[in-house]
Amino acid sequence: MKKTLSLIMALVLILSLFVGCAGKQDTGNKAPDNTNTPSQTTQPANNDGGEDKEEDSPYSFASGKFKADDRGIALEKYEYTLPLTTTDEAFSFWTCCYTPFYIDVEYAESSFPVKVEEMTGVNIEYILISPENRAQNLSVLLAADDLPDIISQANFYYNGVFADGITEDNWFANIYDYREYCPNYFYEVTKDPDDKDIYNKTFIEDDVVGTFWCLRDKAYRQNTIFVRSDWLDRIGWTRDDIVTWQDTHDLLTAFKSQIETAFYPCILYSNIESAGTHWNMYDTVAYVSPYGGQVFVDENKQVYMAHTTWRDELLMADIAQWFKEGLFDPDWMSTPDMTVDTFRNKWVNDQFGYIVLATSDCSTETGVLDDPDAQWLALRDPVLEKGQKLHLGDQRSRVYYGSASVSAKCENIPLVMTWIDWRYSESGADFMSWGEENIAWEYDENGNRKVTEFLYNHPNGQNFTMMLLIYCLNTLCDPGLDINSVHYNYPNGELVIEAYEYLDDRSNYDGAYEFPSTINYTAEQMGEISSYSSDVMTYMQENFLAFVDGSKPMSEWASYEAGFQNVGLPKLLAVYQEAYDAYAAEGRV
């Protein structure tokens, strides 16, 4: 799953204030060697405890003031003196606000971004694009040679080989060339030599980095299945009784027959499963991604795609049967995610007892439960038989959804990268994660910081995770270091910790079938993937979901699977196979 929640409705602003930029950098093109983590040699250090502003300079740069290895990568965190600049320079930031309807003013005028600007001295002109228009809009900006200075999730929305956008086309600055201005980011990426995931996602090549990722301070299960404790009590079950897929079916059947409000006890979204990868016991996923096919690699290192194989036939046969039994709402196609009113109304009226949530929401969403002692209890992913290893679906990474790249034509790349790097410093991450005192957090009677009730129990009933995107770091879109504990630092936040620990203690995931997300495709491969994917995904989305409610009977599955031969799936898989084999030959798997 690439998204924690499938979100809708974002504010679209007229694009008229792009700030032009100029300049370029020299980039290398060395073959990657991602087993090469920084050696423990150091360059001369001159970290004076934060007094880093040159006497005659308007800038507070880190260059030359931190311990580094022989590649110039920081071996320690660095603390900036604020403001970062005393100049009046302004930079454009192309990003997205998923929840503009939660605030009464335009995002750029709201308290959090205004406070960041006051603290850092860096003027930011926000360009907010609705999520559904971002790919098209970025293509328009590139065609007009009018890139903003900072581009949120450029690596995701760029239509081409992102590495070429850095090293060949010079659209995006090579962050590696400016590592002297980014000590905190590079320290976070390289501090754990065993974390190949974060290194491979950051270093396209050993000397090419194009993205500032949003990083968690620790890896954890971002979302999982939850069940109502009060309903379990009423049917005489415990959550440890729910191990297999058959147990899950029996649980939902018991809810439907014994809980008077549970007309349809399990929520089914219009893409089947909103959070993506929790019914994966057939070594596939039910979730239909709007962003492209979900590719995996089996025990023979052969690539396959979800929703196209015998695995998916078995899974869909179960889902279709459960639908016939009334375990899912027949109006499922009208529920794209949990933010829409049609869902919330049923949610607060106790219709659902089994659902996927962001793990950090399991305590804040207790407000929908009519029993004050009830809880949302985390469940392990179901297996077909006890002892089964789950080969996909539970990847835990410190790399989160948000990210940013910097235009190669920005007039002051060092300052922009310093502004972004401040977000990974101790003080910067603290402010970006916690937000402003008395708005996002306050002190309790013991002198400890706690998230305000305004965020976790908003008067309009808004979701806590979504509120954090406005009043703290926008982790779904933007870069920075996110402090995990903030997400459960409020009354009953210990329930989130309990969920993490429960899942960690019972994980039976080995990741053997995961397809690497860090493969670097050639321009030719990207072209072929783009060419074949459109028809494959159109065919899949038009037919696969029809099996859920019987619009297309399971007797037509063989015909459906055969149809992929006519829309280019074999050619698409061949491209992925070629790329995977080359990646594996480099020793990066």
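Predicted model: local features only at pLDDT ≥ 70, side-chain atom pairs only at ≥ 80, totals over all residues.
View 1. Residues are numbered from 1 along each chain as its sequence is written, and side-chain values use heavy atoms, with hydrogens and water left out. Strand β7 (residues 223-228) and β11 run antiparallel and are joined by four bridges. Strands (E, at least two residues) and helices (H or I, at least four) are DSSP runs numbered from the N terminus, and two strands pair if DSSP finds at least two bridges between them. Strands of a sheet pair through backbone hydrogen bonds, either parallel or antiparallel. The open sheet has three strands in the order β10-β7-β11, with antiparallel pairing. Its edge strands, β10 (354-358) and β11 (376-379), each pair on one side only.

**View 2. Helix α15 on the sheet.** Helix α15 (residues 494-506) packs on the sheet and touches β7 and β11; contact means heavy atoms within 4.5 Å. The direction of α15 makes about 20° with that of β11. Axes are lines fitted to C-alpha atoms, for helices over the stretch in contact, and angles run from 0 to 180 degrees between N-to-C directions.

**View 3. The aromatic pair Y158 and F172.** Rings of Phe, Tyr and Trp (its six-membered ring) pair if their centres lie within 6.5 Å; planes under 30 degrees apart count as stacked, over 60 as edge-to-face and the rest as tilted. By this rule there are 50 aromatic pairs. Y158 and F172 form an edge-to-face pair, 5.4 Å centre to centre with 85° between the planes. Y158 lies in the loop between α3 (154-157) and α4 (162-167) and F172 in the loop between α4 and α5 (183-190), so the pair ties together parts 14 residues apart in sequence. Both Y158 and F172 are buried (under 20% relative accessible area, with exposed over 50% and partly exposed in between; 1.4 Å probe, protein chains only).

**View 4. Two arginines over tryptophan rings.** The charged end of R423 sits over the ring of W419, 4.6 Å from its centre. For R449, the charged end sits over the ring of W441, 4.9 Å from its centre. A charge sits over a ring if NZ of Lys or CZ of Arg is within 6 Å of the ring centre and within 35 degrees of the ring normal.
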